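User: I would like to learn how to read a protein model. Can you take me through one, feature by feature?

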Amino acid sequence: MGEAKRRKNSLGEEYGQDTTRILPWIPINKTQASQFVAITTRGAWIGIGSMVVAWVIIRFIGPAFGWWEIVG
């Protein structure tokens, strides 16, 4: 009997499920933590991109169309 079969027999229904928690008193497992990091990283890049677009509009496009003038 291979190790995977032995593990499947010993774990039963919990086999293949991610039940490893980060800390015993926090109900968040490792998969959920990695998903949170991925989502927040994507959100941060979206925020950085939005800030760059806003800066280009405020600094270059607005004055070029005469919407406002750059002071300073």
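Analyst: Start with a definition. A polar contact is a pair of N or O atoms within 3.5 Å. Within protein, one atom must be able to donate a hydrogen and the other to accept it. Now the case here, in a predicted model. The backbone nitrogen of glutamine 32 lies 2.9 Å from a polar atom of the asparagine 29 side chain.

User: Where is asparagine 29 found?

Analyst: Asparagine 29 sits in the loop between H1 and H2.

User: Is asparagine 29 buried or exposed?

Analyst: Buried means under 20% relative accessible area. Asparagine 29 has 16%, so it counts as buried. Of the chain's 72 residues, 3% are buried.

User: What does the secondary structure of the chain come to?

Analyst: Two helices and zero strands. Helix H1 covers residues 3-11. Helix H2 covers residues 30-64.

User: What span should the 35 residues of helix H2 have?

Analyst: Count 1.5 Å a residue. The expected span uses one less than the number of residues.

User: Where does H2 bend?

Analyst: Compare the helix axis before and after a residue. At isoleucine 57, H2 bends by about 40 degrees. After H2 comes glycine 66, with a positive phi near 75 degrees.

User: How many salt bridges does a search of the whole structure find?

Analyst: First the idea. Side chains of opposite charge can pair when their charged atoms come close. The search finds one salt bridge. It joins the side chains of arginine 6 and glutamate 3, at 3.6 Å from N to O.

User: How many residues apart are arginine 6 and glutamate 3 in helix H1?

Analyst: Three, about one turn of the helix. An α-helix has 3.6 residues a turn, so residues three or four places apart point the same way.

Notes:
Residues numbered from 1 in each chain as written. Predicted model: local features only at pLDDT ≥ 70, side-chain atom pairs only at ≥ 80, totals over all residues. Heavy atoms only, no water. Salt bridge = Lys/Arg side-chain N within 4 Å of Asp/Glu carboxyl O. Helix = DSSP H or I, 4+ residues; strand = E, 2+ residues; numbered from the N terminus. Bend = angle between axes of the 7 residues up to and from the residue. Buried < 20%, exposed > 50% of the residue type's maximum accessible area, 1.4 Å probe, protein only.
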